Amino acid sequence: MNRVSRRVCLSLAALSLLAAPVLAAGSTTPTPANLGEQTPLLAQEDIVETVLYFETATRAVRVYRSGSALFMNLYNKTTDVVEVRGVPVQLVPSTRDQTVYATTGGEARRFARINVQNETELEVVAANGRVVLQEPGFNTVVGVPPGSSNFRGNSFAPGTPALVLSAEAARLRSGPRLGSTIVGTAPRRAVVDVLDRVGNPEDGFIWYQVIYEGTTGWVRGDLLQPT
């Protein structure tokens with residue numbers, strides 16, 4: 001396997017592993033094998049959606065919201081291990097033009113940062129204050145606020161079915177960005193289950209993670225309408 005192919009595979013693995021939030025006791029944690037079999041959230045339940053996702057040279061970071069609380073997943077692309085899953089995070093005040101999410105438990109603290117230019121960074125600091133890891137990020141996607149948005153596409157909360165509006169079949173992609181691998185399609189007027197919502201600063205679109213006939217993929221927000 002060449003270097004480019006390995007990088008693509010690692011990125012897809014990161015998206016699959018980090019997409020699964022921690023579930024309540026007695027629930028089954030989704031894995032790449034059963035992710036397409038998730039039961040979508042009901043509209044009245046707490047919405048789980050990504051607030052910030054990015055990759056670094058060795059890690060993939062996902063900060064997500066469940067209800068009013070924030071959590072972090074951290075995937076090591078080198079060892080293929082999820083190092084942190086469902087660890088609570090809090091917003092940290094910053095004097096610079098950036099947003100900082102920091103874990104609140106464990107021996108080491110993880111800081112996920114994004115500034116106004118959408119530049120990201122992961123920093124891991126040991127209990128003694130030593131910086132263990134500090135890497136810039138790429139492939140950044142961010143949360144989409146409710147209501148009007150600068151991102152193109154219909155904005156609605158995950159957890160409800162949506163109707164495919166495309167003139168032909170909508171492409172389900174491996175990641176929330178133009179040019180990512182096509183993993184399946186959903187025909188016009190098909191109903192898909194919506195799991196997550198993000199905005200991609202690079203292409204300017206809202207993207208939704210959906211399930212259609214057992215296939216999980218990402219669809220542009222201008223191709224979907226909530227039912």
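1. Leaving aside neighbours within four places in sequence, L224 is in contact (heavy atoms within 4.5 Å) with N154, F156, A162, L163, V164, L165, V192, Y208, V210 and V219. This is a predicted model, in which local features need pLDDT of at least 70 and side-chain atom pairs count only at pLDDT 80 or more, while totals for chains, interfaces and linings use all residues. Residues are numbered from 1 along each chain as its sequence is written, and side-chain values use heavy atoms, with hydrogens and water left out.

2. L224 is also among the residues with the most contacts inside the largest nonpolar core, which has 36 residues, and L52, V63, A112, V192 and V210 are listed with it. Such a core is a set of buried Ala, Val, Leu, Ile, Met, Phe, Trp, Tyr and Cys residues joined through side-chain atoms within 4.5 Å. Apart from it lies another core, of 8 residues, including Y53, V141, V198 and F205.

3. Two of the contacts of L224, F156 and Y208, have ring centres 4.3 Å apart and planes at 10 degrees, so the pair is stacked (centres within 6.5 Å, planes under 30 degrees apart). F156 counts as buried at 8% relative accessibility, and Y208 is buried at 0%, where buried means under 20% relative accessible area with a 1.4 Å probe, protein chains only.

4. F205 has R152 over its face, 4.0 Å from the ring centre, and the charged end of R220 also sits over this ring, 4.7 Å from its centre; the criterion is NZ of Lys or CZ of Arg within 6 Å of the ring centre and within 35 degrees of the ring normal.

How values were computed. Rings of Phe, Tyr and Trp (its six-membered ring) pair if their centres lie within 6.5 Å; planes under 30 degrees apart count as stacked, over 60 as edge-to-face and the rest as tilted. Buried means under 20% relative accessible area, exposed over 50%, partly exposed in between (1.4 Å probe, protein chains only).
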